[in-house]
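Please look through the model below with its aromatic rings in mind, and then with its helices.

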Amino acid sequence: MTTHDLIDALGAKLSKKKPRSTRELDVLDSRLQKLVAIVRGKRNTLQIVHRLPDEVLASIFWRTQQHLPSFLPTPVHGQTFDSGHRNWLSLLHVCRQWRGVIASSKLLWSTVDNSLMPDKFLLRSGMSPLTVFYGIRKPLFTEHELRLLTPHIHRIRELHLGLSKWTDSVETVFEALSSPALALESLTIDTHGAVTAGYHLMPLFAGDMPHLRKLCLEFFTAWPTHYFSGLTHLCLHHQQTPHSLRPSTNEFLNFLEASPNLQELMLVYAGPTRDREEDVPGPSPWRKVVLPHLRQFSWGKIEDMLHVQRLLAYLSLPETANLYFWGSSNADGGDLGNLIPIDLTRLPCMLNMREWRLRCSYQPVSSLDPGNYLVAFVDKVLYMLNIAWESYIARVPVVYAPMVSSVQKLYVVDSLNVSTDLWKDLFRSLPRLSHLMLQPPQQWASSRGILGALYPDETKSTIRTGFKAMLGISDALCPHLRSLSIEADPGFQGFYISAFAKSRMKRGSPLHRLKVKHLRNPPNPGYEGRRAGNNGPVSPPDTLGPSALTPVEQVRLDMEDRYALEKTVKEVTYLYDQEPTVFEPSTWPTRGYTWTMMPLPSEE
């Protein structure tokens, strides 16, 4: 008899049989439901997804979890921790097969978080290497939860520990982490200012961390010399003050020398920042620490640029290294002229810049941090952003000359109305400049000040200069300047640009290309930020506001400007509804900046 025959016979019998009680019917209904579940299970096994091997399913499930970087575990997308570390558990309720695959896959349980059943994850992970987050997503954890880790320390591969809500003694934490961590590769200890302890790191993992390569350490300024060596990634931040408790330059160089394969170095409110009198014993003048694999060096919240100069003087870095230096725009030690060491031969990453992006304003370096300047050397592009004091850039043309003498493209925003004389000094250091881009603020005066520095002096025009111009010999500043871009309000002063181009053409330096971009979404015109050294009026935003002209008036004005410009410029292009040029590096903010300066929302 087939299955279908059995079902037909059962249906016929049930239709003829008179039930004796509701209880009998309930029992029968329950048994039939189990049969229905079996039938549905058999049907599900015929679906394509159920033909996948269990290993493939487990790999797919693993990809539904939130996986954070092993160094500075900030979320890769967005600025918040999502709930991906727990949402994947809903897969347990899809079907029995998936539930069985998840329950038996130890890898899926190997990320232990104090916010999500750490005891169950430790048990189900078997002997898999562990990634542990305690106090990161959920700041508060108990001593009992901490003690759960003690028997498993030997298999912890990553430990990210946040102590912002830890209320017990710090000794308790380090006692629970006293066994050797033979598999540990990445270690994060963040105190968030909540720990009351000495500046010296307490005994940790019995000093036995043979595979540790990535370290992020807050607050502590000293540790046993044999603890951390052979690192590839290092972040030290918010170290204890006074600065005399921080390492001397010589001690810090010794520390770096023990990690010749270092790839990323990040310091925030940390590092060798002792005063000159306390920075003893000083390094030998001939000492050099070579870091041939360094990709990124970031130093933030710098109290004095001289500290950076002092350290750079003893380092040898590859040409491909990217450097980021940032601090408060109003810091007393923010003079950019003090950043650069005298000898740059061992710092090729700071030489031969091909592009320079300069923003003199109070515009935030990022919308998330309104008060910092940024000086960065990234992929042969020099970034100077949020430079709020004219005096800070007064020495730049001289000190930075070896770096910018090869610059061919200059991008400028000037909301400070820097003097024309200073712009002349700056342009004298750019003999190879071929392209200039201006992003004027609401007032055109600052842009006229910039172009005025490049405007040839008509009083010095002679027959000889005219003859040289005919031969293609120019005595104008930046004689190779051929391209000008302006991100301007639709009412920009085309006739002034035409006169500017005509004057330079007479001196043998004609403009070949002019591009005018009318912007789409200007910043809020109500932006407030006081001008440097002035308690009076506020500085305007860094981008022009929308035009008050009607479309007809705008077309007429553009035609008039174009007619005047095409007499002196070969190629004139107007672009409308454009986004403003982004001045920040594409890599900014770095993960080091995000981790140390922008606390991420967590689960309470």
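How many aromatic pairs does a search of the whole structure find? The search finds 21 aromatic pairs, where rings of Phe, Tyr and Trp (its six-membered ring) pair if their centres lie within 6.5 Å, and where planes under 30 degrees apart count as stacked, over 60 as edge-to-face and the rest as tilted. This is a predicted model, in which local features need pLDDT of at least 70 and side-chain atom pairs count only at pLDDT 80 or more, while totals for chains, interfaces and linings use all residues. Residues are numbered from 1 along each chain as its sequence is written, and side-chain values use heavy atoms, with hydrogens and water left out.

A pair of aromatic rings is described by the distance of the centres and the angle of the planes. One of the pairs is formed by Phe297 and Trp299, which are tilted, with 6.3 Å centre to centre and 35° between the planes. Both Phe297 and Trp299 are buried, a word that means under 20% relative accessible area, with exposed over 50% and partly exposed in between (1.4 Å probe, protein chains only).

Trp326 and Tyr593 form an edge-to-face pair, 4.8 Å centre to centre with 65° between the planes. Because Trp326 lies in strand S11 (residues 322–328) and Tyr593 in helix H18 (residues 591–597), this pair ties together parts that are 267 residues apart in sequence; helices (H or I, at least four residues) and strands (E, at least two) are DSSP runs, numbered from the N terminus. Trp326 is buried with a relative accessible area of 0%, and Tyr593 counts as buried at 1%.

Elsewhere, Trp223, Tyr227, Phe228, Phe252 and Phe255 form one aromatic cluster. Phe252 and Phe255 are also among the buried residues of helix H9 (residues 249–257), and what covers the buried residues of H9 includes strand S6 (233–237) and helix H10 (305–312), contact being heavy atoms within 4.5 Å.

Charges also meet rings: Arg124 lies over the face of Trp109, at 4.7 Å from the ring centre, and the charged end of Arg137 sits over the ring of Phe133, 5.2 Å from its centre. Such a charge is NZ of Lys or CZ of Arg within 6 Å of the ring centre and within 35 degrees of the ring normal.

Finally, Asp54, Leu57, Ala58 and Phe61 in H3 meet Gln97, Trp98, Val101 and Ile102 in H5.
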